[in-house]
Amino acid sequence: MSKYEQDGAEAQEIAKYLPYFPFKGIPRFYDIGGFLEKPEVFQQIIDIFAARYDDIGIDAVAGLDARGFILGPPIALALKKPFIMMRKKGKMPNSISSADYNVEYGKRSGMTVQRDKISKGDRVLIIDDLVATGGTLSSAISLVHMCGGTVVECACVVELKNFIDPPADSGLPSRTKLFKEMDINHVPVWGLISEDVLTVEAKLHEEYVDDGEEH
């Protein structure tokens, strides 16, 4: 693994370009659009992920619909590995599907992957923008296992640590509990930046409304 640590100096600098908005009923919805408009910051993120996974032996990079499609391909190119799309149901032919899953703002149908993209024994890196409850990642992990592959790690730009193992009386879903129930708690999850350093509140237009699809 590389020298880069969660919330390290590089992460703290990148966090300045990850503002939060009230969206989908969530007070702090983190928007990667902030760093996507800064090519040098976006490139730094790709370089950090490429450095982390350059020498651990992966066969493919899988990105999750939809923001994983933005982050995954440049990481795969930097590592010179194939990129695999994991999409919502009904979007790809010749695909298999995982079970439905829950996220922090609602329920989702299972993710899908095309049957011939992951072979038995393949070592797969899963990429997404953010991990909270772990529902989406758990669906992706299941797909890799269904194909006979191994998940080397799930990597995200942002990890919300308050969902890892919250107190029982908090009312928050537990990622640790979910992974144990699904027997995938051996799969490591890594985020470059946590909510501890994500302190930039977006400047909202006076006509801003929370128009997310789910509340």
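Visitor: What should I know about the model before asking about it?

Guide: The model is predicted; local features need pLDDT of at least 70 and side-chain atom pairs count only at pLDDT 80 or more, while totals for chains, interfaces and linings use all residues. Residues are numbered from 1 along each chain as its sequence is written, and side-chain values use heavy atoms, with hydrogens and water left out.

Visitor: What makes R87 and D65 a salt bridge?

Guide: The term requires a side-chain nitrogen of Lys or Arg within 4 Å of a carboxyl oxygen of Asp or Glu. For R87 and D65 the N to O distance is 3.8 Å, so the pair meets the definition. R87 lies in strand β4 (residues 83–88) and D65 in the loop between β3 (60–64) and α4 (68–79), so the bridge ties together parts that are 22 residues apart in sequence. Helices (H or I, at least four residues) and strands (E, at least two) are DSSP runs, numbered from the N terminus.

Visitor: Why is D65 called buried and R87 partly exposed?

Guide: Buried means under 20% relative accessible area, exposed over 50%, and partly exposed in between (1.4 Å probe, protein chains only). D65 has 16%, so it is buried; R87 has 22%, so it is partly exposed.

Visitor: How do you know that K89 and D100 form a salt bridge?

Guide: Their closest N and O atoms are 3.7 Å apart. K89 lies in the loop between β4 and β5 (95–97) and D100 in the loop between β5 and β6 (101–103), so the pair ties together parts eleven residues apart in sequence. K89, at 41% relative accessibility, is partly exposed, and D100, at 44%, is partly exposed as well.

Visitor: Are E159 and R175 buried or exposed?

Guide: E159 has a relative accessibility of 6%, so it counts as buried. R175 has 8%, so it also counts as buried. Their side chains meet in a salt bridge at 2.8 Å, N to O. E159 is in strand β10 (residues 150–159) and R175 in helix α6 (residues 175–181), 16 residues apart.

Visitor: How many salt bridges does the structure hold, and which residues do shared partners join into one network?

Guide: There are eight salt bridges. Bridges that share partners join D65, R87 and K88 into one network.

Visitor: What makes a set of residues a nonpolar core?

Guide: The set consists of buried Ala, Val, Leu, Ile, Met, Phe, Trp, Tyr and Cys residues joined through side-chain atoms within 4.5 Å. The largest such core has 38 residues, of which F35, F49, V157 and I193 touch the most other members. At least two residues come from each of α1 (9–15), α3 (39–53), α4, β9 (123–131), β10 and β11 (189–194). α3 gives the most, with eight residues. Apart from this core lies another of 26 residues, among them A62, I96, M111 and I184.

Visitor: Which residues does F35 touch beyond four places in sequence?

Guide: Contact means heavy atoms within 4.5 Å. F35 touches Y17, L18, V41, F42, I45, L71 and V157.

Visitor: Why is the pair of Y20 and Y30 called edge-to-face?

Guide: Rings of Phe, Tyr and Trp (its six-membered ring) pair if their centres lie within 6.5 Å; planes under 30 degrees apart count as stacked, over 60 as edge-to-face and the rest as tilted. The centres of Y20 and Y30 are 6.2 Å apart and the planes stand at 75°, so the pair is edge-to-face. Y20 is in strand β1 (residues 20–23) and Y30 in strand β2 (residues 26–30). Both residues are buried. F23 and F29, with centres 4.9 Å apart and planes at 75°, are therefore edge-to-face too.

Visitor: What makes S138 buried?

Guide: S138 has a relative accessible area of 2%, so it is buried. S138 lies in helix α5 (residues 135–146). Leaving aside neighbours within four places in sequence, S138 is in contact with L178, F179, M182 and I184.
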